[in-house]
Amino acid sequence: MPISNEKIEQMLASIAEMKAAREQEIEEMRVKWLGKKGEITQLFDEFRTIDKEQKKEFGQRLNALKNAATAKIEEMRAALAEIAGPATASFDQTKPGDVFQLGARHPISITREEILSIFGKFGYSVAEGPEIEDDWHVFSALNFPPEHPARDMQDTFFVQPGGDNPILLRTHTSSVQVRTMEKMRPPIRVVCPGRVFRNEAISARAHCIFHQVEGLYIDKGVTFADLKQAILLFAREMFGADSQIRMRPSYFPFTEPSAEVDVSCNICHGKGCNICKGTGWLEILGCGMVDPAVLEASGIDPKVYSGFAFGMGIERIAMLKWQVKDLRHYFENDIRFLRQFETAI
Ligand code: PHE
């Protein structure tokens, strides 16, 4: 029979009259009306084939019919449960409540706290700054020449490109060091944690969002030996008292000389394993003596003051600490991964 107002009225009347004494009867009625081949379901199937004008007329009524059937079935179920009383209730009301499950801190937060607390013990305070930055604080003040590849669209997400001072997402937290140097006079001793953004393809070893802690120490007479000692002490606190470090010459526009630092592999203790790819060493950070041009750009006299800076990726440190092989785990919020750190607090 095609859809008609009369038919809908009839169906509404039969639905309103329905009565049931047992759960099974209610289920049979549900199937009769709303099941896969149920009468209302069939009307909806038919509805798809009728023309536009008719759709307007019947759309709302059909929905009302479906709601009426659903509500009636619910009502009968509730009435039955009430008659049956608490003795047949599906749960034991005297049972103590379930324990509320506490969440766990994210491994990146745990690692960040640990890094900050180590440098806190060395007398560093924490400085933070904006994630949306300008070119000056991310690049120019850090002695990046205008044609430097890191400014290329490849690496940087621009918010407002063009002009003298484009707005962008910071690619490192060295920008916070610049802000600190602009505001504070030496001695300066800060660590800058935060989220950074780079336009990179996502893989097991790279992500377009990650976290860094960078550090800066400026005072009279700071030397490379101080830098080496600070990093060695950090490595020993973080990876174990018998850790060794080695420095390899490197290049950053804002430090001179610059170095990359490896720590002795805390898994095989230098013998060579698959984590350190047989070398016995793991790369942990970049560092160097702050370039005099950088001090000058922030109004600090390089003839009086010198300093060092370093920067590390929190994900990388956490991967080494817990031997996580795929960086993407940190961003996917898979509870099976995150639960493993519940006791790491
Ligand atoms: N800013 C550099 C980076 O993001 C790290 C770094 C910081 C290197 C300070 C040297 C000194 O890769």
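# Exercises on a predicted model

**Exercise 1.** How many disulfides does the count come to?

Solution. The structure is a predicted model. A disulfide requires a pair of cysteine sulfur atoms within 2.5 Å, and by this rule the count comes to zero. Take C273 as a case: the nearest cysteine sulfur belongs to C265 and lies 3.7 Å away, so C273 is in no disulfide under the 2.5 Å cut-off. For C276 the nearest cysteine sulfur is that of C268, 3.7 Å away, and C276 is in no disulfide either.

**Exercise 2.** Do C273 and C276 count as buried or exposed?

Solution. The cut-off for buried is under 20% relative accessible area. C273 has 17% relative accessibility and therefore counts as buried. C276, at 4% relative accessibility, also counts as buried.

**Exercise 3.** What span should helix α4 have at 1.5 Å a residue, and how far apart are its end C-alpha atoms?

Solution. Helix α4 covers residues 52-84, which is 33 residues. The expected span is 1.5 Å times one less than the number of residues, so α4 should span 48 Å. Its end C-alpha atoms are 48 Å apart, which agrees.

**Exercise 4.** Against which helices do the buried residues of α4 pack?

Solution. Begin with the buried residues of α4, among them F58, G59, L62, L65 and A69. Further along α4, K72, I73, M76 and L80 are buried too. An α-helix has 3.6 residues a turn, so residues three or four places apart point the same way. The buried residues of α4 pack against α1 (5-17), α2 (23-34) and α3 (39-47).

**Exercise 5.** Which residues touch the most other members of the largest nonpolar core, and which element supplies its largest share?

Solution. The largest nonpolar core has 46 residues, and I115, F308, F310 and M312 touch the most other members. Elements that each supply at least two residues of this core include α5 (107-121), β6 (209-219), α8 (224-239) and β10 (306-313). The largest share, eight residues, comes from α8. Leaving aside neighbours within four places in sequence, the contacts of F308 include Y124, L216, D226, L227, A230 and V290. A second, separate core of 21 residues includes V138, A141, F144 and V290.

**Exercise 6.** How many bridges join strand β7 to β8?

Solution. Seven bridges join β7 (residues 245-252) to β8, and the two strands run antiparallel. A hairpin joins β7 to β8 through two residues.

Conventions
Residues numbered from 1 in each chain as written. Predicted model: local features only at pLDDT ≥ 70, side-chain atom pairs only at ≥ 80, totals over all residues. Heavy atoms only, no water. Buried < 20%, exposed > 50% of the residue type's maximum accessible area, 1.4 Å probe, protein only. Helix = DSSP H or I, 4+ residues; strand = E, 2+ residues; numbered from the N terminus. Contact = heavy atoms within 4.5 Å. Core = buried A, V, L, I, M, F, W, Y, C linked by side-chain atoms within 4.5 Å. Pairing = 2+ DSSP bridges.
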